[in-house]
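Please keep the sequence and the structure at hand while reading.

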Amino acid sequence: MSYQCLIVRAKAEWDAYVKRAHNYEVYHTWYYHSLNMEGEPILFIYEKEDLFIAFPLIKRNIAGSSQYDMTSVYGYAGPISNIDFKDIPQLTIESFKEEFGHFLKSEQCICVFSRLYPFLNQHYLLENIGGVIPNGSTIYMDLSLSIEEQRSRYDKRLKRQIKKLRETGYTIKNAAGPSEIAAFTEMYHKNMDRLGASKSYYFDEKYFAGLLNTREFENELVLIYDGTEMICGALILISENVVRNHLSATSEKYLKVSPSKLLTDEISLIGRRLGKKIFHLGGGVGGKEDSLFKFKSHFSNLRINDWIWCYVSDQESYNALLHQKGVGLTQQSTFFPAYRQTKA
């Protein structure tokens with residue numbers, strides 16, 4: 001059986017494959033990748049008769065080296081296909097692995113990291129290509145349930161708090177223009193300052209505006225106001241089956257009031273109104289069951305395994321970079337690729 005492999009960099013061809021996929025997210029599109037500033041968006045295509053596998057990635061320079069590595073965009077990405085990954089024959093997976101290796105070699109890439117999309121069976125494709133690594137669990141709501149049934153599953157204290165927040169008279173609305181996007185971006189950056197977040201989380205106003213590009217997406221920036229004061233907001237990503245709170249922020253002045261609880265309840269209503277199947281709340285930071293995870297768990301008891309994928313295709317070059325960067329492999333560090341660790 002014949003097959004072909006393509007390397008796609010152009011928007012039209014990229015999105016043509018994405019839209020033919022069995023399931024996909026905003027995260028898989030060319031435009032979302034174009035908002036990433038780490039490197040060059042690149043889509044590897046493996047195509048065999050009526051089947052294709054498409055793997056979107058970001059190709060990055062490695063400082064002090066003529067070689068590259070690849071990573072996934074911020075969010076949940078990984079490969080997509082026009083059929084369920086669990087239905088792909090093993091011989092086809094072996095062929096994909098071989099050709100993907102050739103692709104990495106041709107692009108002078110020594111390793112790949114990808115956060116995977118939990119509602120696809122991507123592990124069937126990748127578990128024998130470097131291997132997938134558990135990254136905790138992630139929380140979601142089943143939007144086929146009525147809102148009354150969903151709220152009956154909320155933590156009892158949370159249910160009372162949301163009822164009280166709705167009775168407070170806050171205004172919930174979609175952002176109407178650039179000034180509100182700018183105000184939300186400022187509030188978001190203040191949140192990152194307060195949390196001591198890494199620079200990679202400081203998305204700028206252009207990034208938020210890009211995700212609200214109505215030609216590309218149906219995404220919304222949902223805001224809560226106390227009178228004329230913006231107190232909370234979330235940029236929600238809307239895909240074919242899934243709605244998710246991508247990035248959110250709360251005014252420091254209102255942290256004790258916790259309007260984010262009202263906002264989360266509101267997003268569940270938006271998802272139902274749009275006919276989506278799942279509201280993906282996500283997990284804790286770094287896959288941990290931390291305070292963020294606990295907050296989300298009060299809304300739903302539904303869990304799904306979260307996975308990441310780490311693959312070294314050129315072990316010799318990878319080891320040489322570790323030696324060059326002076327990074328020692330330790331049991332305590334799980335950062336990948338290890339040569340990109342930030343030195344203490």
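A residue is called buried under 20% relative accessible area, exposed over 50%, and partly exposed in between, with a 1.4 Å probe and protein chains only. Helices (H or I, at least four residues) and strands (E, at least two) are DSSP runs numbered from the N terminus. The model is predicted, so local features need pLDDT of at least 70 and side-chain atom pairs count only at pLDDT 80 or more, while totals for chains, interfaces and linings use all residues. Residues are numbered from 1 along each chain as its sequence is written, and side-chain values use heavy atoms, with hydrogens and water left out.

Strands are said to pair if DSSP finds at least two bridges between them. Strand 12 pairs with strand 7 (residues 132-142) in the antiparallel sense, over four bridges. Within this pairing, Gly282 of strand 12 has Ile139 opposite. Strand 12 also pairs with strand 11 (residues 242-250), in the parallel sense and over three bridges. Here Ile278 of strand 12 is the bridge partner of Val242. From strand 11 the chain passes through helix 9 (residues 259-273) to strand 12, a right-handed β-α-β crossover. Right-handed means that, with the strands pointing away from the viewer, the path from the first strand over the helix to the second runs clockwise.

Strand 4 (residues 68-71) takes part in the pairings tabulated here.

| Partner of strand 4 | Sense | Bridges | Bridge partners |
|---|---|---|---|
| Strand 3 (residues 51-61) | antiparallel | four | Ile58 and Thr71 |
| Strand 6 (residues 109-115) | parallel | two | Tyr68 and Cys109 |

The hairpin of strand 3 and strand 4 has six residues between the strands, and Gly64 there takes a positive phi near 75°.

**Cysteines**

A disulfide is a covalent bond between the sulfur atoms of two cysteines. The criterion applied is a pair of cysteine sulfur atoms within 2.5 Å, and a search of the whole structure finds zero disulfides. For Cys109, which is in no disulfide, the nearest cysteine sulfur is that of Cys111, 8.2 Å away. Cys310 is in no disulfide either, and the nearest cysteine sulfur to it, that of Cys111, is 8.8 Å away. Cys109 counts as buried because its relative accessibility is 4%. Cys310 also counts as buried, at 14% relative accessibility.

**The second largest pocket**

On a 1 Å grid over the protein atoms alone, a pocket is an open set of points with protein on both sides within 12 Å along at least five of seven lines, and lining residues have an atom within 4 Å of a point. The second largest pocket holds about 310 Å³ of space. It is lined by 15 residues, of which Lys19, Tyr24, Thr29, Glu216 and Phe217 are the closest to its centre. Helix 1 (residues 11-19) supplies the largest share of the lining, three residues.

**Thr92**

Where is Thr92 found? Thr92 lies in helix 3 (residues 90-106), and it is buried, with a relative accessible area of 6%. Thr92 and Tyr3 are 89 residues apart along the chain, and their C-alpha atoms are separated by 9.7 Å.

Note on methods. 1 Å grid on protein atoms, 1.4 Å probe; cavity = no way out; pocket = protein on both sides within 12 Å on 5 of 7 lines; lining within 4 Å. Points joined across faces, edges and corners; volume = space filled by probe spheres on them.
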